[in-house]
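This report goes through a structure part by part. Please keep the sequence and the model in view while reading.

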Amino acid sequence: MTPAAVVRRILFYGLITLLSLFFALPLLWLVLAPFDKTPTLTVKIPDFTLDNFAELGKNPYALSSLKNSILISGGAMLLVTGLSALAAYALSRVRVPGRDLILYALLLLSSIVTGTAAMVPIFLLMFQLGLIDDRSGVSLVLTGGLLPAAIFILKDFMDATPKSYEESARVFGASPLQVLRHVVLPIARPGLATIAVWALVNAWGDFLTAYILLRDPEKTPAGVLMYTFYTEGGQANLPLISTFSLVYAIPVVALYLFVNRRYGFRFHGGIKS
Amino acid sequence: MTANAGASDAAGLGRARAVAFVTPAFLLIAAFLVFPAVWTIWLGMTDFRLTGAQAADPQFVGLDNYRAALTDPAFHNSLWLTIVFVFGSAIVGQSVLGFLIAWTMRSVPKTVKAIVETLVLMAWILPSSIVAFLWVAFLNNNGGTLGTILNSPDTAWLLEYPMASIIIYNTWRGTAFSMLLFSAALGAVPPSQLETARLSGASTLQQFRDVVFPHIRGHILTNTLLISLWTFNDFVPYLLTAGGPDHATETLPVFIYLRALYGGELGYGSAISFIMLLINLVIALFYIRLLRERRTANRSGDADADDAKADADEVLTAAEARNVGQ
């Protein structure tokens with residue numbers, strides 16, 4: 001290598017180091033502070049301890065908020081997966097006039113009517129329905145926003161699975177519902193798993209919907225409780241905040257690693273040019 | 001069941017059952033997406049409030065709310081801040097950084113690539129209230145990591161440089177999408193063309209301008225429109241600064257929250273919401289037009305039947321990625 005090439009190489013890796021530091025520095029606190037005897041706001045090598053995790057049990061809301069998150073995102077996951085599977089299957093197998101156009105319009109709608117742009121009417125709607133301070137109300141609103149994309153992904157998936165299995169099952173006298181349960185469901189399982197993970201991660205990370213629809217701290221999910229931890233007055237309880245955020249983050253990171261190992265992290269269907 | 005329906009009805013589902021399968025999903029979509037969008041239009045023309053006389057009996061006020069918005073300096077301020085936020089953090093920050101990472105990651109060892117990409121993706125997938133606190137801690141004037149590194153521990157970044165802080169935060173948060181999109185796009189640039197350019201002595205800048213850019217022009221536009229749409233609708237600045245200090249970071253989503261749900265001016269907030277929906281619609285329509293143009297350019301016309309589906313595929317990619325990001 002010429003000296004110029006060496007210098008260029010050093011500059012190149014210097015740039016990569018800087019970029020990595022920019023992304024790593026804010027993240028490091030999340031993995032180091034929970035294990036530090038005296039956590040501060042600074043990123044530093046921890047004086048190792050697991051005692052901070054005891055704070056989770058001492059706070060009256062920490063564990064119940066995680067339970068609320070499981071209820072809300074679990075509910076949304078089941079609703080999104082179940083309802084989109086039914087709709088996608090019907091749309092894939094039975095010819096409905098204008099089907100693609102309807103799906104297309106719904107998708108467009110779901111990217112325009114975002115949680116922020118629609119927060120006022122959604123709040124009022126839930127108020128009129130008496131669903132303020134109701135965890136299932138949060139699940140329902142989240143489900144409504146996720147369904148169009150879920151139906152679309154699954155319809156694509158169902159379109160790609162052969163119909164011949166269903167036809168032969170019919171020939172042997174299976175009823176349509178038996179076909180659905182014993183033939184279609186097993187074939188569609190990978191697609192359903194994708195949708196389930198995707199819906200779960202989205203609902204798990206939600207802040208705004210739960211923030212505007214729930215008042216009672218007993219019903220608050222982890223995302224909103226986390227926010228109240230550091231905005232309510234007084235000295236911030238860093239052992240609690242650090243351990244709580246780590247526990248709250250773990251499911252998302254675990255699912256990411258799982259999906260990444262299994263399928264590789266990339267766009268659905270690739271990006272067309 | 002008609003013969004026509006039976007032809008593509010392998011499972012013998014039948015029209016009636018098909019309708020029953022589709023209905024629950026469509027009802028939820030109608031209730032929580034279609035209805036709110038339509039209702040905003042009506043709410044925006046009333047003086048609806050959270051409490052008081054107008055709560056029990058809201059009056060129709062026509063376009064008064066929109067007229068009020070035209071002369072409301074707080075709304076102007078918010079609109080301007082939103083433009084600065086979208087331009088600074090999405091169009092400049094995320095695009096440039098995302099491209100830079102995608103470009104440099106082509107010529108590094110696999111492990112380095114895996115580490116850098118995982119870091120960038122982590123910033124993108126973690127729940128927003130966690131990343132908001134990580135940044136509150138990072139920028140804190142009482143032992144925050146940034147102040148410690150820069151040896152200026154007393155600087156309260158979020159108070160002294162509020163807009164710059166949320167712009168840098170959002171660049172960090174959202175770069176992953178641009179990185180993924182540009183990696184995919186750069187993968188499609190023929191290596192032979194780059195090789196030829198390099199052998200004929202073109203500089204890196206010339207290679208980019210003459211070989212790479214023509215290939216990824218469409219991706220740059222796609223990326224710009226999508227990240228603009230998401231950044232425009234991003235509520236996380238509220239978790240960092242709650243709109244402050246003194247309205248300095250009150251982007252439109254925060255403005256709507258503070259005026260309508262916190263301040264109780266539901267009618268006025270709905271009018272602003274409708275303006276937001278319209279802006280979203282304009283960006284989305286631009287995006288769709290762009291997709292159509294690209295497709296027509298690619299395969300010279302026809303194949304209209306596939307168009308709606310292909311468009312929807314792209315919108316879907318968008319919807320999927322956006323939601324993962326939130």
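## Surroundings of B:Q207

Leaving aside residues up to four places away in sequence, B:Q207 touches B:L194, B:A197, B:R198, B:A202 and B:V212, where contact means heavy atoms within 4.5 Å. B:Q207 belongs to helix α12 (residues 204-232) of chain B; helices (H or I, at least four residues) and strands (E, at least two) are DSSP runs, numbered from the N terminus. With a relative accessibility of 8%, B:Q207 counts as buried. Buried means under 20% relative accessible area, exposed over 50%, and partly exposed in between (1.4 Å probe, protein chains only).

This is a predicted model, in which local features need pLDDT of at least 70 and side-chain atom pairs count only at pLDDT 80 or more, while totals for chains, interfaces and linings use all residues. Residues are numbered from 1 along each chain as its sequence is written, chains are lettered from A and ligands numbered from 1 in the order in which they are written, and side-chain values use heavy atoms, with hydrogens and water left out.

## Chain B as a whole

Chain B contains 16 helices and 0 strands. Of its 326 residues, 56% are buried. Among the contacts in chain B between residues at least 6 apart in sequence, 66% join residues at least 24 apart.

Helix α7 (residues 128-138) of chain B is mostly covered, with 11 of its 11 residues buried. Among them are B:F133, B:L134, B:W135 and B:F138.

## The interface between the chains

How much area do chain B and chain A bury between them? The value is about 9800 Å², and 77% of it is on carbon and sulfur atoms; buried area is the accessible area (1.4 Å probe) that two parts lose on being put together, summed over both. B:F32, B:L33 and B:F133 supply 8% of the area that chain B buries against chain A, more than any other three residues. The contact involves 112 residues from chain B and 97 residues from chain A.

Helix α2 (residues 14-43) of chain B gives the most to the side of chain B that touches chain A, namely 21 residues. By class, that side of chain B has 75 nonpolar, 26 polar and 11 charged residues. In this count Ala, Val, Leu, Ile, Met, Phe, Trp, Tyr, Cys and Pro are nonpolar, Asp, Glu, Lys and Arg are charged, and the others, Gly among them, are polar. Across the interface there are 11 residue pairs in polar contact, both at pLDDT 80 or more. A polar contact is a pair of N or O atoms within 3.5 Å; within protein, one must be able to donate a hydrogen and the other to accept it, and residues adjacent in sequence count only if both atoms are side-chain atoms. The number of salt bridges between chain B and chain A is 0; a salt bridge is a side-chain nitrogen of Lys or Arg within 4 Å of a carboxyl oxygen of Asp or Glu.

## The nonpolar core

The largest nonpolar core has 190 residues, of which A:M119, A:Y230, A:F244, B:I101 and B:F133 touch the most other members. Such a core is a set of buried Ala, Val, Leu, Ile, Met, Phe, Trp, Tyr and Cys residues joined through side-chain atoms within 4.5 Å. Not counting residues up to four places away in sequence, A:M119 touches A:L208 and A:I212 as well as B:F235, B:P253, B:I256, B:Y257 and B:L261.

## Salt bridges

Over all chains, the structure holds 12 salt bridges. One of them joins the side chains of A:E166 and A:R93 (2.8 Å, N to O). A:E166 lies in helix α7 (residues 164-171) of chain A and A:R93 in helix α3 (residues 62-93) of chain A, so the pair ties together parts that are 73 residues apart in sequence. A:E166 is buried at a relative accessible area of 2%, and A:R93 is buried at 1%.

In chain B, the side chains of B:R198 and B:E195 meet in a salt bridge (3.9 Å, N to O). Both residues lie in helix α11 (residues 191-199) of chain B, 3 residues apart, about one turn of the helix. B:R198 is partly exposed at 46% relative accessibility, and B:E195 is partly exposed at 39%. In chain A, a network of salt bridges links A:R99, A:D100, A:K155 and A:D159.

## Backbone details

Most residues other than glycine have a negative phi, and most peptide bonds are trans. A:D133, not a glycine, has a positive phi of about 65°; A:D133 sits in the loop between α5 (119-128) and α6 (135-160) of chain A. A cis peptide bond joins B:G244 and B:P245, with omega about -10°.
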